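Please keep the sequence and the 3D view open while reading.

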Amino acid sequence: MLGILRQRAIDGGLAASTLRRTRSALVSARSYAAGAKEMTVRDALNSAIDEEMSADPKVFVMGEEVGQYQGAYKITKGLLEKYGPERVYDTPITEAGFTGIGVGAAYAGLKPVVEFMTFNFSMQAIDHIINSAAKSNYMSAGQINVPIVFRGPNGAAAGVGAQHSQCYAAWYASVPGLKVLAPYSAEDARGLLKAAIRDPDPVVFLENELLYGESFPISEEALDSSFCLPIGKAKIEREGKDVTIVTFSKMVGFALKAAEKLAEEGISAEVINLRSIRPLDRATINASVRKTSRLVTVEEGFPQHGVCAEICASVVEESFSYLDAPVERIAGADVPMPYAANLERLALPQVEDIIRAAKRACYRSK
């Protein structure tokens, strides 16, 4: 078990408080085949940025503490030393300011990677993300591309309260002109971040703080500098025939654990890792539901107007006649995130919630 370390530094003035946090994820032990290579999500993200900066001089990094401090979560570790202050910019604590600068740089043909210390702070910059970045290509009739990546931790961490625990997947995925990605494994992190940096359009890249320190097996192919995952394509993490479980980010791990437990009771669950929230891989989702005839969706975000609501609507529209049971939707509680650990757990989906929902879909329990 790795501990969680939280650091805060306050630098006087009403508008100048600094939040410095390094957090190692609490990770459970995993067993892999002997000799399999492993990589943490943190190292996967770091290596992806490093390789893209090395390959393309137009790529640069900016954000609070990304340089000398090497990132609040050490995602940008070593980049300042390697590429210098002209390509790794430490910014003031002003998300609206540095995001606007990043969008302007993208207008000029550069490829900024903008880090938010948490996506909750992106609310300060949402005007630039949506009105300045997302809409420009359409409003200019294709004359202006905005090749920019907005990345950082999204959703709940541990004991950081409502202002630091919200999932913004549904917020940003509702906006035409944005692409929204949410990696789970180290392979996801490397392949999707590389794709995001190379993409000519603005990409919102939603990471999970509690996954940064978790290690995953990684293939030789994924370690190649040319490796890239397609945007808009989901991954079937586990095949099954009785029920489809669709989710993203940290909840993929929960779904896989639930599938293992369900298998012990004779229920074969297919687990789909969305990877891409917008565009959404409706084809893979509907093909799976047409095979299993049952659907369980899982997300940490709020239930109303959520990502899962969109998935359920898609299945009802395209595969309703294949369903043998009502869809089951699991989401976070419809309340601001509590601070207390016991209430925080109750406010977030758990493995047992997924198991109960799958059993209901399969008529194994009430």
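Tyrosine 168 has a relative accessible area of 4%, so this residue is buried. The model is a predicted one. Tyrosine 168 forms an edge-to-face aromatic pair with tryptophan 171, with 5.2 Å from centre to centre and 70° between the planes. Tryptophan 171 has a relative accessibility of 41% and therefore counts as partly exposed.

**Aromatic rings**

The number of aromatic pairs is eight. One of them joins phenylalanine 119 and tyrosine 172: the planes stand at 70° and the ring centres are 6.0 Å apart, so this pair is edge-to-face. Where in the chain do the two partners lie? Phenylalanine 119 is in the loop between strand E6 (111-115) and helix H4 (126-134), while tyrosine 172 belongs to helix H6 (residues 169-173). The two are 53 residues apart, and the pair links distant parts of the chain. Phenylalanine 119 and tyrosine 172 are both buried. They also belong to one aromatic cluster, together with Phe98, Phe116 and Phe150.

A ring can also have a charge over it, as with tyrosine 69: the charged end of lysine 74 sits over this ring, 3.9 Å from its centre.

**Cysteines**

A disulfide is a covalent bond between the sulfur atoms of two cysteines. How many disulfides does the structure hold? The count is zero. Cysteine 308 is in no disulfide, and its nearest cysteine sulfur, that of cysteine 312, is 6.4 Å away. Cysteine 312 is likewise in no disulfide. The cut-off for a disulfide is a pair of cysteine sulfur atoms within 2.5 Å. Cysteine 308 counts as buried because its relative accessibility is 1%. Cysteine 312 has a relative accessible area of 8%, so it is buried too.

Strand E9 (residues 203-207) is mostly covered, with five of its five residues buried. On one side are Val203, Phe205 and Glu207, and on the other Val204 and Leu206; both faces are covered.

| Strand | Sense of pairing with E9 | Bridges |
|---|---|---|
| E7 (residues 149-153) | parallel | five bridges |
| E8 (residues 179-181) | parallel | three bridges |

Phenylalanine 205 in E9 has arginine 151 standing opposite, and leucine 181 also stands opposite phenylalanine 205. From E8 the chain crosses through helix H7 (residues 186-198) to E9. This β-α-β crossover is right-handed.

Note on methods: Residues numbered from 1 in each chain as written. Predicted model: local features only at pLDDT ≥ 70, side-chain atom pairs only at ≥ 80, totals over all residues. Heavy atoms only, no water. Phe/Tyr/Trp six-rings, centres within 6.5 Å; stacked < 30°, edge-to-face > 60°. Helix = DSSP H or I, 4+ residues; strand = E, 2+ residues; numbered from the N terminus. Buried < 20%, exposed > 50% of the residue type's maximum accessible area, 1.4 Å probe, protein only. Lys NZ or Arg CZ within 6 Å of the ring centre and 35° of its normal. Pairing = 2+ DSSP bridges. Right-handed = clockwise from strand over helix to strand, strands pointing away.
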